[in-house]
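Here is a short tour of one protein chain, written for someone new to reading structures. Keep the picture in view as you go, and look up each residue when its name comes up.

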Amino acid sequence: MNKDDFLNPLKSRKLFGMDIYFDNLLKLYNSNKFPKVILISGNKGLGKFTLVNHFLNYVFSTDTYNLEEKIIDKNSDVYQSQLNGLFYNIIHLNNEENNKLKIDDIRDLKTTLSQSTINAKHRFIILDDVEKLSINSSNALLKIIEEPSENNYFILIDNQEGDLLETIASRCLKIKIFINKL
């Protein structure tokens with residue numbers, strides 16, 4: 001594994017230091033109480049996306065995910081599909097500095113969400129760097145999350161590098177990530 005692979009959260013097959021958060025997400029999901037919109041916030045680099053990736057690998061690949069040691073099976077169909085960008089039940093939108101999401105991207109998402117999934121399973125939409133959305137994109141997202149369809153779940157990741165639109169935050173279950181250095 002090269003350095004870039006090691007730092008790529010999509011390729012992080014072992015989850016470190018997030019057991020409590022992971023277990024809480026599983027409890028919500030397994031009890032059918034998973035909210036339509038979750039906001040996971042904390043400083044950039046803590047492993048929020050890695051946490052979400054492990055949770056979703058468990059959800060879609062329960063039989064191969066090592067729950068005791070929190071390890072993704074490298075041969076899992078879900079893991080391999082995600083690496084190749086081909087797993088349609090997970091939509092990942094990243095609002096990075098060099099690839100800012102535009103209002104048209106959010107409108108395209110709305111069109112995609114109006115279509116059913118191929119396998120009739122839940123669909124998870126991960127929006128990373130949500131705090132960096134423009135006001136127009138934020139308002140378009142707000143309209144989508146106010147009326148989510150039955151099988152769509154949003155996981156918003158706030159890296160606290162800007163102000164998140166309060167009306168978005170008010171519609172989410174908020175999970176604040178803290179890491180103990182020990």
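## A buried lysine and its partner

Lys 70 is buried, because its relative accessible area is 7% and the cut-off for buried is under 20%. The model you are looking at is predicted, so every value here is computed from it. Which residue does Lys 70 form a salt bridge with? The partner is Asp 23, and the closest N and O atoms of the two are 3.5 Å apart.

Asp 23 belongs to helix α2, while Lys 70 sits in the loop between α3 (48-60) and α4. The two are 47 residues apart, and the pair links distant parts of the chain. Asp 23 is partly exposed, with a relative accessible area of 31%.

## Other salt bridges

How many salt bridges does the model have? The count comes to five. One of them joins the side chains of Lys 132 and Glu 161, at 2.8 Å from N to O. This pair also links distant parts of the chain: Lys 132 is in the loop between β3 and α6, and Glu 161 is in the loop between β4 and α7 (166-169), 29 residues apart. Lys 132 is buried, at 15% relative accessible area, whereas Glu 161 is partly exposed, at 42%.

Another salt bridge is formed by the side chains of Glu 146 and Arg 171, with 3.0 Å from N to O. Glu 146 lies in helix α6 and Arg 171 in the loop between α7 and β5 (173-176), so this pair ties together parts that are 25 residues apart in sequence. Glu 146 counts as partly exposed, at 40% relative accessibility, and Arg 171 counts as partly exposed too, at 37%.

## Two residues with positive phi

Next, look at the backbone. Asn 32 has a positive phi of about 60 degrees, although it is not a glycine. You can find Asn 32 in the loop between α2 (19-30) and β1 (37-41).

Asp 129 is not a glycine either, and its phi is positive at about 60 degrees. Its place is in the loop between β3 (123-128) and α6. Are these two residues buried or exposed? Asn 32 is exposed, with a relative accessible area of 73%, while Asp 129 is buried, with 2%.

## A nonpolar patch on the surface

Now turn to the surface. Leu 86, Tyr 88 and Ile 118 make a nonpolar patch of about 390 Å². Tyr 88 is found in the loop between α4 (77-83) and β2 (90-94). This tyrosine counts as exposed because its relative accessibility is 54%, and exposed means over 50%.

## The second largest pocket

Finally, here is a pocket to look for. The second largest pocket has a volume of about 200 Å³. Which elements each supply at least two residues of its lining? They are α5 (103-113), α6 (135-146) and β4 (152-158).

The lining includes Lys 110, Leu 113, Lys 143, Ile 144, Asn 152 and Phe 154. Also among the lining residues are Ser 114, Glu 147, Pro 148 and Ser 149. By type, the lining residues divide into four nonpolar, three polar and three charged.

Terms used: Residues numbered from 1 in each chain as written. Predicted model: local features only at pLDDT ≥ 70, side-chain atom pairs only at ≥ 80, totals over all residues. Heavy atoms only, no water. Patch = residues over 30% accessible without salt bridge, like charges linked within 9 Å, V, L, I, M, F, W, Y side chains within 5 Å. Areas by Shrake-Rupley, 256 points an atom, 1.4 Å probe, with all protein chains shown as cover. Salt bridge = Lys/Arg side-chain N within 4 Å of Asp/Glu carboxyl O. Helix = DSSP H or I, 4+ residues; strand = E, 2+ residues; numbered from the N terminus. Buried < 20%, exposed > 50% of the residue type's maximum accessible area, 1.4 Å probe, protein only. 1 Å grid on protein atoms, 1.4 Å probe; cavity = no way out; pocket = protein on both sides within 12 Å on 5 of 7 lines; lining within 4 Å. Points joined across faces, edges and corners; volume = space filled by probe spheres on them. Nonpolar A, V, L, I, M, F, W, Y, C, P; charged D, E, K, R; others polar.
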